[in-house]
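Please walk through this protein chain with me, from its overall build down to single residues. Keep the structure open beside the text.

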Amino acid sequence: MIRLPDKSLSDPTLAALAGYQQEVDGAGGYAEQVAKAKAIWPSRRQNQPFREVKSALTEMCSGARRCGYCEDSMADEIEHIWPKDFYPERTFVWSNYLYACGPCNGPKNNQFAIFPDADPEQVKELVHPETGSVQPPPGKSVLIDPRAEDPLQYLWLDVIDTFAFTPLEDDESTISWKRANYTIDVLNLNSRDALIEARRNAYGSYRSRLYEYVNRMANGAVPGQLQGIEAEIKREGHPTVWREMKRQQAFIPALRELFEQAPQALNW
């Protein structure tokens, strides 16, 4: 899970989203706004502006339109990072979207926690009463937002043994640890065996391509050949694995040797 590259939308599309959002904002009180957001989202997302939204989200994905959370499954659902059922004012806000897969978006659904401004170290899971009429208190998201921040400032992926995520911070009392742990749990980043296996396979693929690059460079390959391998590495799936290989290479002899021979790869 890495920070997603930012993409801009055209002025007409942004204006259309703003118009849809005005429909929600003008519905009345909080409960009415929640109801309006839920009512119009299914139809508005079928309109012309969302073709550009989906195209931009696709460009932001890693690999072949992979999920912005797990980086593994096909991204085919527009995910509201801040759920619209709690935050109707973010229903048609571009920065609140990412492309997610069903196995991530389904379980997450409306699971969302905040650090309330009134108690900024307490994790508060948001739960609507059946009426949906109680507005969440102001606060900061516990879930790490890959549209707005770098998840690897909070997460560490073991690329030596388990290929599982852990909080980067060791102290369980810190905000950073709580955010990392919550994100891992809500998105089931470690509980799916296929994800672990895919990360392990990605590690082998990245290492093989880097080995090929080093050997071709040593044997006098022309620049075009080397650039081709570089491009393949940049397009490879599970980019978090590559980021962690670079971050951890000093502690892994086999990787350290490869990166010492091709230090430019640390900038890819």
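The model is a predicted one. Its protein chain has nine helices and seven strands. Taken along the principal axes, the C-alpha atoms fill a box of roughly 70 × 45 × 30 Å. The chain has 268 residues, and 47% of them are buried.

Next, the core. The largest nonpolar core holds 80 residues, and Tyr69 and Tyr97 touch the most other members. Helix α6, residues 193-218, gives the largest share of this core, with eight residues. Look at Tyr69 in detail. Leaving out residues up to four places away in sequence, Tyr69 touches Met1, Glu79, Ile81, Leu98, Ala100, Cys104, Lys108, Leu143, Pro146, Leu187 and Leu189. Among these partners are Glu79, Lys108 and Leu189.

How many cavities of 30 Å³ or more does the structure hold? There is one. About 40 Å³ of space lies in the largest cavity. Its lining is made of Leu4, Leu57, Met60, Cys61, Gly68, Leu98 and Tyr99. Two elements give two or more residues to that lining: α3 (49-60) and β2 (97-100). By type, the lining residues divide into six nonpolar, one polar and no charged.

Glu77 sits in strand β1, residues 77-80. Is Glu77 buried, exposed or partly exposed? With a relative accessible area of 30%, Glu77 is partly exposed. That label applies because the value falls between the 20% limit for buried and the 50% limit for exposed. Beyond its neighbours within four places in sequence, Glu77 is in contact with Leu98, Tyr99, Ala100, Cys101, Gly102 and Asn105. With Asn105, the link is a polar contact between the two side chains, at 2.8 Å. Gly106 is 29 residues from Glu77 in sequence, and their C-alpha atoms are 9.6 Å apart.

Gln248 is placed in helix α8, residues 239-248. Its relative accessibility is 2%, so Gln248 counts as buried. What does the side chain of Gln248 have beside it? A polar atom of that side chain lies 2.7 Å from the backbone oxygen of Leu157. Setting aside neighbours within four places in sequence, Gln248 is in contact with Trp156, Leu157 and Val159.

Two residues stand out for their backbone angles. Most residues other than glycine have a negative phi. Phe163 is not a glycine, yet it has a positive phi of about 55°. Phe163 lies in the loop between β6 (155-157) and β7 (165-167). At 3% relative accessibility, Phe163 is buried. His238 is the next case. Its phi is positive too, near 50°. His238 is placed in the loop between α7 (223-235) and α8. With 6% relative accessibility, His238 also counts as buried.

Pro137 is found in the loop between β4 (124-125) and β5 (139-141). Its relative accessibility is 30%, so Pro137 counts as partly exposed. Not counting residues up to four places away in sequence, Pro137 touches Ile114, Lys124 and Leu126. Pro137 and Leu126 are 11 residues apart in sequence, and 9.2 Å separate their C-alpha atoms.

Ile144 lies in the loop between β5 and β6. Is Ile144 buried or exposed? Ile144 is buried, at 0% relative accessibility. Ala231 lies elsewhere: Ile144 and Ala231 are 87 residues apart in sequence and 29 Å apart in space, C-alpha to C-alpha.

Technical notes: Residues numbered from 1 in each chain as written. Heavy atoms only, no water. Helix = DSSP H or I, 4+ residues; strand = E, 2+ residues; numbered from the N terminus. Buried < 20%, exposed > 50% of the residue type's maximum accessible area, 1.4 Å probe, protein only. Contact = heavy atoms within 4.5 Å. Polar contact = N/O pair within 3.5 Å; in protein donor to acceptor, adjacent residues only side chain to side chain. 1 Å grid on protein atoms, 1.4 Å probe; cavity = no way out; pocket = protein on both sides within 12 Å on 5 of 7 lines; lining within 4 Å. Points joined across faces, edges and corners; volume = space filled by probe spheres on them. Nonpolar A, V, L, I, M, F, W, Y, C, P; charged D, E, K, R; others polar. Core = buried A, V, L, I, M, F, W, Y, C linked by side-chain atoms within 4.5 Å.
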